[in-house]
Amino acid sequence: MATPTGRDPAPALVSLTGRMRARGRGRGSIMLLQLSAVLIVLALWALIAATGLVSPTALPGPGAVFTTFPELVAGEAYWQAVADTLRGAVTGYAAAVVIGVPLGLATGTYAVAEQSTRLLVDVLRSFPVIALLPVFLLVMGSTPSMKATVVFIACVFPVFLQAQYGARAVTPMIAETVHSYRIPRLLSFRKVVLPSATPSIMTGLRLAATTSVLVAIGVEVLTTLPGIGHQVVQDQQGGASASAYAYILTAGLIGYSINQLSQLVESRLLRWRPPAHTD
């Protein structure tokens, strides 16, 4: 059956179906490769543990770790440790977003502000946040607010710089058009700067989200603050290495889940953005 334009839609449908099938096979192949890589790592882990190249105290086998994992999940201490870690990570991350995004957009929009703050930002972000931990311990003590502050310092610069970069990404032609038509600054910000900066902002938020959990766990390892990191240290010192590795796997699962959730939110919010490549 031909369309009103006289063209037969059958070839187009066949081509579309073929592309969809090819894309499905490609995704299936990628998932198979990823699963194979995980299985290879687990096999090597089991082989090293079975041959005794590393002592069971330092590296228990995967069977012992995965057997201990359900026992931990059934206990209240496990979920309390996860909650303590997430509380500090979320608090510091939220503060970094509230402060970093507006400052990044403001300094990226105005060239004078960006140039005047460049040296200060470069100096401040050069300090390793873990190296500043003794200073924060001395000033604030081993408190949850100190952990949130360290997470904030680690997350604010990625958020700030990505927002600043996004605000500066407005093409010169569009900027000249806005200036020529004397569009109000607030309207220009909402309709031009913010849409241009949103993809970069989302990248910064995604990177900072994973960083927040890693830094919170690192602070817990180096201090006495409760959380996943503190449980890892306690179990390792108490000889419960399988339990310690179960908490380490928990940290990895949390980081992976946050990254996947961030990518999902980013894809939903940026549906209007054209794809980076075409098939």
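The model is a predicted one, and the features reported here were computed from it.

The secondary structure of the chain consists of 10 helices and zero strands, so that its elements, read along the sequence, follow the pattern α-α-α-α-α-α-α-α-α-α. Of the 279 residues in the chain, 32% are buried. The accessible surface amounts to about 17500 Å², and carbon and sulfur atoms account for 69% of that area. When contacts between residues at least 6 apart in sequence are considered, 73% of them join residues at least 24 apart.

Helix α6, which spans residues 144-167 and comprises 24 residues, reaches 34 Å from its first C-alpha to its last, a span close to the 34 Å expected at 1.5 Å a residue.

Packing between helices is illustrated by α2 (residues 62-73) and α10 (residues 241-269), the axes of which come within 8 Å and cross at roughly 75°. Because crossing angles of 65 to 115 degrees count as roughly perpendicular, α2 and α10 are therefore described as roughly perpendicular to each other. On the α2 side, the contact is made by A64, V65, F66, T68, F69 and L72, whereas α10 contributes A242, S243, Y245, A246, Y247, L249, T250 and L253. In an α-helix, which has 3.6 residues a turn, residues three or four places apart point the same way.

How values were computed: Residues are numbered from 1 along each chain as its sequence is written. This is a predicted model: local features need pLDDT of at least 70, side-chain atom pairs count only at pLDDT 80 or more; totals for chains, interfaces and linings use all residues. Side-chain values use heavy atoms; hydrogens and water are left out. Helices (H or I, at least four residues) and strands (E, at least two) are DSSP runs, numbered from the N terminus. Buried means under 20% relative accessible area, exposed over 50%, partly exposed in between (1.4 Å probe, protein chains only). Contact means heavy atoms within 4.5 Å. Accessible areas come from the Shrake-Rupley method with a 1.4 Å probe; for residues, only the protein chains shown count as cover. The expected span of a helix is 1.5 Å times one less than its number of residues. Axes are lines fitted to C-alpha atoms, for helices over the stretch in contact, and angles run from 0 to 180 degrees between N-to-C directions. Angles under 35 degrees count as roughly parallel, over 145 as roughly antiparallel, 65 to 115 as roughly perpendicular and the rest as oblique.
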